[in-house]
Amino acid sequence: VPAGELLFNEGDHSERAYIILSGSVVIFTGLSHDPSGHIDAEVLNLVRVGEVVGERGLISNSKRSASALCRENCLLATISAQDFKVIKTIMQKDVKDKISFLCRVLPNFNTLATSWQENLAYHFEQITYSRNQ
């Protein structure tokens, strides 16, 4: 995608998310023009290689809360709303399974707030070692 091209506008329907493989994307809101031709916007974030843009609208099933503009030439991978729902469902099940495991093996894990349990479970990776290692 060439530099200067909009990926989406604030208020658009959320149809896909983008993974940045090269380049960077500026996230902004409040684009306005004054009579002198000056353009004004509030820059919210600069999204770089390896990060995702546009996922918020897919998560909340809502319209875009900001606009996204390629700051430089970008190579992007896209995730459709339908594929995103499938990935989200799989990840939620995985997190629930991890929480269940952690509650069984860690005393008092179930006393943590749900948001803490989910955050810790998301980053938890179960590794099995053989006795020979």
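Buried means under 20% relative accessible area, exposed over 50%, and partly exposed in between, with a 1.4 Å probe and protein chains only.

## Basis

This is a predicted model, in which local features need pLDDT of at least 70 and side-chain atom pairs count only at pLDDT 80 or more, while totals for chains, interfaces and linings use all residues. Residues are numbered from 1 along each chain as its sequence is written, and side-chain values use heavy atoms, leaving out hydrogens and water.

## Cysteines

Cys103 is partly exposed, at a relative accessible area of 31%. Cys70 counts as buried, with 1% relative accessibility.

The structure has zero disulfides, a disulfide being a pair of cysteine sulfur atoms within 2.5 Å. The cysteine sulfur closest to that of Cys70 belongs to Cys74 and is 3.8 Å away, so the two are too far apart for a bond.

## Fold and dimensions

Three helices and seven strands are present; they are DSSP runs (helices H or I, at least four residues; strands E, at least two), numbered from the N terminus. From that end the order is β-β-β-β-β-α-β-β-α-α.

The radius of gyration of the protein is 20 Å, whereas a compact globule of 133 residues would have one near 14 Å. That radius is taken over C-alpha atoms, and the globule rule is 2.2 Å times the number of residues to the power 0.38. Along the principal axes, the C-alpha atoms fill a box of roughly 70 × 35 × 25 Å.

## Burial and contacts

Of the 133 residues, 26% are buried. Among contacts (heavy atoms within 4.5 Å) between residues at least 6 apart in sequence, 69% join residues at least 24 apart.
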